Amino acid sequence: MKIFKLFVLLAMVLSPFTAGAVNVKEYTLENGLKVLIVEDHKAPTATFQIWYRVGAVNEKTGKTGLSHLLEHMMFKGTSEYGPKTFSQTIQRAGGTDNAFTTREYTAYFELLASDRIGLPIEMEADRMKNLALTPASVLSERDVVMEERRMRYEDDPQNLVHEEVMAAAFKNHPYRWPVIGWMSDLKTLDPEDLIAHYKTYYAPNNAVAIVVGDVDPADVLLKIKESFGKVPRGPEIKEAKAGEDSQYGEKRAYVKKEAELPYVLSVYKVPAIVDEDGFALDVLAGILSGGKSSRLYNSLVYEKQLALSSWASYEGMYREPFLFYAGATASRGTKMEELEKTLLDELEKIKNAAPSEREVQKAKNQIEASFIMEQDSMYMQARTIGTFEMIGGWRLIDKYLEGVRKVTPEDVRRVAGKYLVADRKTTGILIPAGEEKK
Amino acid sequence: MGQSREKLKISLRLLFLFLVLVGPAPAFAGRMADREVLPNGVVLLHEERSGLPIVRVVLAIKAGSVVEPAEKAGLANLTADLLNEGTEKRSSKQISGEIEFVGGELGTSGGADFITVTLSVLKKDVDLGFDLLSDIILNPVFSEDEIKRKKAVIISSIMQQKEEPGIVASKAFKKAIFGNHPYGRPVEGTEESLDTIARRDIIAFHSEYYVPDNAILSVVGDITKKELRALLDRYFKGWERKGVPEKPLPVPGHLSAPEIIKIDKDLTQANIILGHLGIGRENPDFYAVSVMNYILGGGGFASRLMDNIRDNKGLSYDVHSFFSANKYGGSFQAGLQTKNRTANAAIGEILKEMERMRTEQVTDKELNDAKSYLTGSFPLRIDSNSKIASFLIGVEFYNLGLDYVDKYKQLIESVTKDDILRVARKYLDTKAYVLVVVGNIKQAIPGD
């Protein structure tokens, strides 16, 4: 025991900023529920989160948006607690709660004073098996989701471009579907669809519970066992297996809509973070877009003043190959052609010449520092563990950090050259209505 | 519940490592930080928290848009925005290059009551952080070239705001209720007003308002008092007290009848804001108003507006009400988005709920639930370095007192059902209000 302590201490003294995800405690209940707990005593609060391995990729043609609508319905009440009680009860305890749905997972979370952590545990266990769906509440919530869709997509031109680009980039993988669902599909979702989805995916063996906060792990584990232990294991789930066939040449999508400024978004198919090239792709994104000293800001926004903003990001936190993004919003008076060409030129530059050691070091320092700074928030700690867990296991956090540290300037050039090519590329263009495409 | 009620962009940057943390969590019984007024007039708030090797600094300066001349709207924001775009010894690129190389952040933000400069650094880089912070506050050069650049960026972003119906509605609403009061104009100014701002205006504004006796400095994180003092001695030595002129502000006039503002845009939804003037942050009714508004439309799914308009009628995804309480006044607004043809129905429901609040007592359950949330959720408002650092600025700026954590609980607990009825009658108006509708007006307001 003493030897172990000394080792931990030594490791911290030697490299206080390079520790990894050492402090996660992992357990699995008999019914298959995985439990991850991190003690953090910075403040007397805690977060409880439950993540289900279900999202848009598990949907079917004509039924897109089902996972997200089910997420909404999960707040409508259970046979145990009655209707409209979930958020009200959490708020009465001084807590806040919410949820989000993605392509691959759906997560529910609560934040509250840590001495009340038993409440969300009990209530999440309850709605894992006792959800009460009425046809009337489904119809009404469907309307709410359609309003949400209008707000986020129909009336947001840049988001519309994003949706079109996704649909074009993937021709057979369900990544092409919007998480919120197509409007025409939303109109057809009915209670039976939701019940079937719920019965299949909402089970302890398809979920992960995460706790971060001012808690005693033994105590919180006991609470979780008491509440979730009662939920029976669900049926084995056949994993959604969808691939994406080869692309031949660049694809383009245009959106013509009332807007003020042109906007361009180029995406490139790239491997997920579990691939060795993922680390260099993340450093590449940092060099292109990590702050005002990055290449895209310097060139497009500062020097040439063509863009209001310009950015790149590596979206590698997926189970299967996803995308590298590069985009820009034009500044007033900038022609789309010039904006797109300048953005492309910056990508070409890094394909042809490796970045400097300092640029690479800066990107790495930014990643390391943000690892530490994110720990200021309990919610973000849990969120990161959950995200890694969904795509392949929370222990990948360590592998990821190690991988980033090893990236060289030549690695960055190599992955840029390999992936930022026409056969992987889809470009979306927003044409402000009234302006014709030249 | 949203596909992303909060921003869903998961980036690999949003990671962290886990250090071994020990010791009980502080609960802030009593004072939540050390406060002192430095010889040059800076109000210093300091809370040492050693759990993580990070330091968060917020510097607030009472140099927001309320003190700029009306005809130079945007001057305060432009001045703040230009701070990190070049100093006597560092160019814009050097500033961002130095702070970003160590993975830190140094940002500026305009505002109506005050502007803020925010610094986040690892403990090992705190010296560099304070060096940069003091340099941009004390020695900015405001070069013509950078001014031109920044104006162009702000003008483009003003254009982009026109793509966001919520912002369009909000700007029109503020202008209508505050009129000539500085709260009525956008902090970033307009294309026309920016055009009138010259370099000498910026330099004069900086020299008049960026003085220590006009500033609040909040420092939270892994830094001792001794270390902090040494840094202030070293980097803020030349910052000398100067005195700030008090200027009277115009009083916004009250409305006597509804004013309806229609903005036609090719949208599938009508964005609606209905509201009027509210209260200032130091109004003693703030606490009764907080409880009242939680029940009306501030309490998410526990609120009447959400229950009625979203949960029961399915008319909107996001429906809420809030009192924005600032130093020199405030506003009340209820807002939602709904498909154009249900706009009228939704507006009717907002007014109905406001009127019910004005005429009927709330139930015991509503009152208790609201109090229970407002007091019970307080720990969440101060559970990280960055939240505490910003919170302390508000405590100082609005004279809340360092025992606010305890005081807040008592103030909320003491609110009665009669108090709620009284403040609802006093601060909610269903006869004289401003209604803004941004959307397809033909569909939203038939017969118009």
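In strand β10 of chain B, B:Phe332 is the bridge partner of B:Phe323. The two strands concerned, β9(B) and β10 (residues 329-339), run antiparallel and are joined by eight bridges; strands are taken as DSSP runs of E of at least two residues, and helices as runs of H or I of at least four residues, numbered from the N terminus, while two strands pair if DSSP finds at least two bridges between them. The model is a predicted one, in which local features need pLDDT of at least 70 and side-chain atom pairs count only at pLDDT 80 or more, whereas totals for chains, interfaces and linings use all residues. Residues are numbered from 1 along each chain as its sequence is written, and chains are lettered from A and ligands numbered from 1 in the order in which they are written.

The pair belongs to an open sheet of five strands in chain B, with mixed pairing and the order β7-β11-β8-β10-β9. At its edges stand β7 (259-264) and β9 (319-326) of chain B, each of which pairs on one side only. On average, neighbouring strands of this sheet are turned by 15° against each other, direction ignored; axes are lines fitted to C-alpha atoms, for helices over the stretch in contact, and angles run from 0 to 180 degrees between N-to-C directions. Across β9 and β10 of chain B lies helix α9 (residues 286-298) of chain B, running at about 160° to β9(B).

With β6 (residues 215-221) of chain B, β2(B) pairs in the parallel sense over six bridges, and here B:Glu47 stands opposite B:Val220.

Chain B is divided into domain 1 (34-235) and domain 2 (259-444), the bounds coming from an automatic or database domain assignment. The centres of these two domains of chain B, taken over C-alpha atoms, are separated by 29 Å, and 29 residues of domain 1 are in contact with 29 residues of domain 2, contact being defined by C-beta atoms, placed from the backbone, that lie within 7 Å. On the side of domain 1 of chain B that touches domain 2, at least two residues each are supplied by β2, β3 (54-61), α5 (165-178) and β6 of chain B, and the largest share, nine residues, comes from α5(B). That side is made up of 19 nonpolar, five polar and five charged residues, where Ala, Val, Leu, Ile, Met, Phe, Trp, Tyr, Cys and Pro count as nonpolar, Asp, Glu, Lys and Arg as charged, and the others, Gly among them, as polar.

Between the chains, the contact takes 89 residues from chain A and 77 residues from chain B. Helix α13 (residues 357-373) of chain A gives the most to the side of chain A that touches chain B, with ten residues, and that side divides into 34 nonpolar, 32 polar and 23 charged residues.

B:Ser384 is found in the loop between α13 (378-381) and α14 (385-397) of chain B. Leaving aside neighbours within four places in sequence, B:Ser384 is in contact with A:Asp376 and A:Ser377. B:Ser384 counts as buried because 24 other C-beta atoms lie within 10 Å, the cut-offs being 20 or more for buried, 12 or fewer for exposed and partly exposed in between, with C-beta atoms placed from the backbone.

Notes: Two residues are in contact if their C-beta atoms, placed from the backbone, lie within 7 Å.
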